[in-house]
Amino acid sequence: MIVDTLNNHDLYSHISLRIAAALAHLAETDFTKVDVGNYELDGKNLFVIVNDYETKPREVEPFEVHQQYIDVQYVVSGEEEFGYLPLADQTPSKPYFAKHDYAEFDYESNKSDAAFIPFKTGMFAIFFPQDMHMPGTSTSPQQVRKVVIKVKI
C-alpha cells in the first residue's frame, strides 16, 4: 500500500506505466466538474469510477481485496478513513468473485490487526492485491467525493 498526497504523484510513476497514467490523470483532471459514473481511459486496462457517498461506520463495512486490478483511490473532497492490513491467511467471508474482482473479509475477524488511516482531500492510496482495505468509513457520517482508478495487473 502507498498513501501520499497528489502533489507527490511523480514519485510513483516508476512502478508501472499504467499506475503512472492513472496518477497523471488524477493530477490533470478537475474531478469537481466530472459527473458521477464510470469511464474508460484504456479499455479494461485502466478505467475510472467517480462516486459521491456518505461514509459508514467500520463495523458495517467489509474489508476487500482484488486479484486482477490495483486500486488507485483519490479523495476529491471530504474526509474518511480506511482500514488496512496485509493479506495473509485470513479466510474470506465471501469468496473471490472473479466477475467483479473482489473477495470480502469481515470486520470482526480482522479488527484487532487492522490500522485505520485518515484519508483527506488531496490524498491518494494505491492498494495492491496483497492489501486488504476497507474504504469509506468514519466515526460520524461525512460526505465524500472519491475517484477510484482500476489498474489492470
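Trainee: Which residue in strand 9 is the bridge partner of Glu-79?

Mentor: That's Lys-120. Strands here are DSSP runs (E, at least two residues; helices are H or I, at least four), numbered from the N terminus. Keep in mind that this is a predicted model, where local features need pLDDT of at least 70, side-chain atom pairs count only at pLDDT 80 or more, and totals for chains, interfaces and linings use all residues. Residues are numbered from 1 along each chain as its sequence is written, and side-chain values use heavy atoms, with hydrogens and water left out.

Trainee: In which sense do strand 6 and strand 9 pair, and over how many bridges?

Mentor: Strand 6 and strand 9, residues 115–120, are antiparallel, with 6 bridges. Pairing takes at least two DSSP bridges between two strands.

Trainee: How many bridges join strand 6 to strand 11?

Mentor: There are 5, and strand 6 and strand 11 (residues 131–137) also run antiparallel. Over in strand 11, Met-132 is the bridge partner of Leu-85.

Trainee: New topic. Where does His-66 lie?

Mentor: You'll find His-66 in the loop between strand 4 (63–65) and strand 5 (69–77).

Trainee: Why does His-66 count as buried?

Mentor: Because its relative accessibility is 6%.

Trainee: Which side chains have polar contacts with the one of His-66?

Mentor: The side chain of Glu-64 does, at 3.1 Å, and so does that of His-133, at 3.4 Å. Such a contact is an N or O pair within 3.5 Å; within protein, one atom must be able to donate a hydrogen and the other to accept it, and sequence neighbours count only if both atoms are side-chain atoms.

Trainee: And what does His-66 touch?

Mentor: Leaving out residues up to four places away in sequence, His-66 touches Asp-71, Asp-101, Tyr-102, Pro-129, His-133 and Lys-150. Touching means heavy atoms within 4.5 Å.

Trainee: What about Asn-110? Which helix is the place of Asn-110?

Mentor: Helix 2, residues 107–110. Asn-110 counts as buried because its relative accessibility is 3%.

Trainee: Which backbone oxygen does the Asn-110 side chain reach?

Mentor: The backbone oxygen of Asp-106, at 2.9 Å. Not counting residues up to four places away, Asn-110 touches Phe-63, Leu-85, Gln-90, Phe-105 and Met-132. You met two of those already: Leu-85 and Met-132 are bridge partners.

How values were computed. Buried means under 20% relative accessible area, exposed over 50%, partly exposed in between (1.4 Å probe, protein chains only).
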